[in-house]
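I opened the model to look up a few things.

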Amino acid sequence: MIRFEHVAKRYPGGIQALSDVNFSLEKGELAFLTGHSGAGKSTLLRLIALLERPSRGQVMFDGRNVGKLARRHIPYLRRRIGVIFQDHRLLSDKKVFDNVALPLMIAGVSYGEIKRRVRAALDKVGLLEKENMYPPMLSGGQQQRVGIARAIIGKPPLLLADEPTGNLDPEMSAELMNYFLQLNELGVTVLIASHDLELIRQLGRRVLVLKDGEMIDDLPSRQIYTGDAHGTV
Ligand SMILES: Nc1ncnc2c1ncn2[C@@H]1O[C@H](COP(=O)(O)OP(=O)(O)OP(=O)(O)O)[C@@H](O)[C@H]1O
């Protein structure tokens with residue numbers, strides 16, 4: 001589903017965030033992306049989500065080179081990707097309900113259907129009673145969960161999550177990971193950037209390891225990752 005071929009990303013100002021990254025993620029896989037702060041995890045996710053373009057190499061999504069995609073095709077591809085951002089990216093002047101409904105409104109879904117699906121998604125993340133509140137009235141963890149509901153509402157075949165458990169307590173983190181596993185079992189491809197090595201280890205899934213912009217390891221499912229070998233923690 002995703003293939004990186006010799007991908008490099010240099011930001012204006014000269015920061016080399018990624019260099020010569022190669023990996024692929026098959027349809028239906030769930031993998032973690034880990035590495036130290038500044039290793040390039042968010043950049044890698046942003047390249048897949050078409051929020052950045054590579055400086056070199058090719059990012060392939062569903063067999064298409066996304067770096068070469070015509071502007072008019074971008075909205076279609078973006079709708080196929082649910083993104084959970086580290087900083088939530090909620091609209092603070094819109095109610096929780098409207099924040100979650102946004103992808104469906106853009107897709108032209110009927111109001112009745114939007115209402116049903118938004119309520120179901122908010123229920124899933126335990127926030128149904130907050131639907132009429134505004135994001136600044138919620139805790140960091142609750143805002144994160146609104147972002148999760150918004151990412152999954154359009155039933156995207158690919159889900160990208162950037163530190164989704166960063167603001168959550170251990171119980172909520174475990175619940176969220178279980179939810180990602182459930183979505184994955186339903187066929188959703190999932191890539192999760194995370195520092196939470198304990199949780200990653202417990203789940204025993206594939207782990208991609210970035211260090212200083214290079215992909216230094218790709219550990220298959222079930223192999224226990226200690227995090228010590230490359231000093232990534
Ligand atoms: N928009 C940007 N402009 C310039 N430099 C950037 C930009 N975004 C990220 N960088 C730089 O690129 C490098 C990789 O950053 P990135 O956010 O991808 O790392 P990360 O592994 O996600 O880190 P963290 O775990 O702290 O979120 C860092 O040196 C960062 O300062």
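**Ground rules.** I am working with a predicted model, where local features need pLDDT of at least 70, side-chain atom pairs count only at pLDDT 80 or more, and totals for chains, interfaces and linings use all residues. I number residues from 1 along each chain as its sequence is written.

**Sheet.** I take helices (H or I, at least four residues) and strands (E, at least two) as DSSP runs, numbered from the N terminus. I call two strands paired if DSSP finds at least two bridges between them. I find four strands in an open sheet, ordered 2-1-4-5, with antiparallel pairing. Strand 2 (16-25) and strand 5 (64-65) each have a single partner strand, so one side of each is left without a neighbour in the sheet. I then looked at strand 1 (residues 2-10), which runs antiparallel to strand 2 and is joined to it by six bridges.

**Domains.** I used bounds from an automatic or database domain assignment. Domain 1 covers 1-80 + 156-232, and domain 2 covers 89-155. Their centres, taken over C-alpha atoms, are separated by 24 Å. Nine residues from domain 1 and nine residues from domain 2 make the contact; I count a contact if the C-beta atoms, placed from the backbone, lie within 7 Å. For classes, I count Ala, Val, Leu, Ile, Met, Phe, Trp, Tyr, Cys and Pro as nonpolar, Asp, Glu, Lys and Arg as charged, and the others, Gly among them, as polar. On the domain 1 side of the contact I get six nonpolar, one polar and two charged residues.

**Backbone angles.** Where does His88 sit? I find His88 in the loop between strand 6 (81-84) and helix 3 (96-106). Its phi is near 65°, positive in a residue other than glycine. Arg89 is in the loop between strand 6 and helix 3, and its phi is near 55°, also a positive value in a non-glycine residue.

Are these residues buried or exposed? I call a residue buried if 20 or more other C-beta atoms, placed from the backbone, lie within 10 Å of its own, exposed if 12 or fewer, and partly exposed in between. His88 is buried, with 20. Arg89 is partly exposed, with 13.

How values were computed
Contact = placed C-beta atoms within 7 Å.
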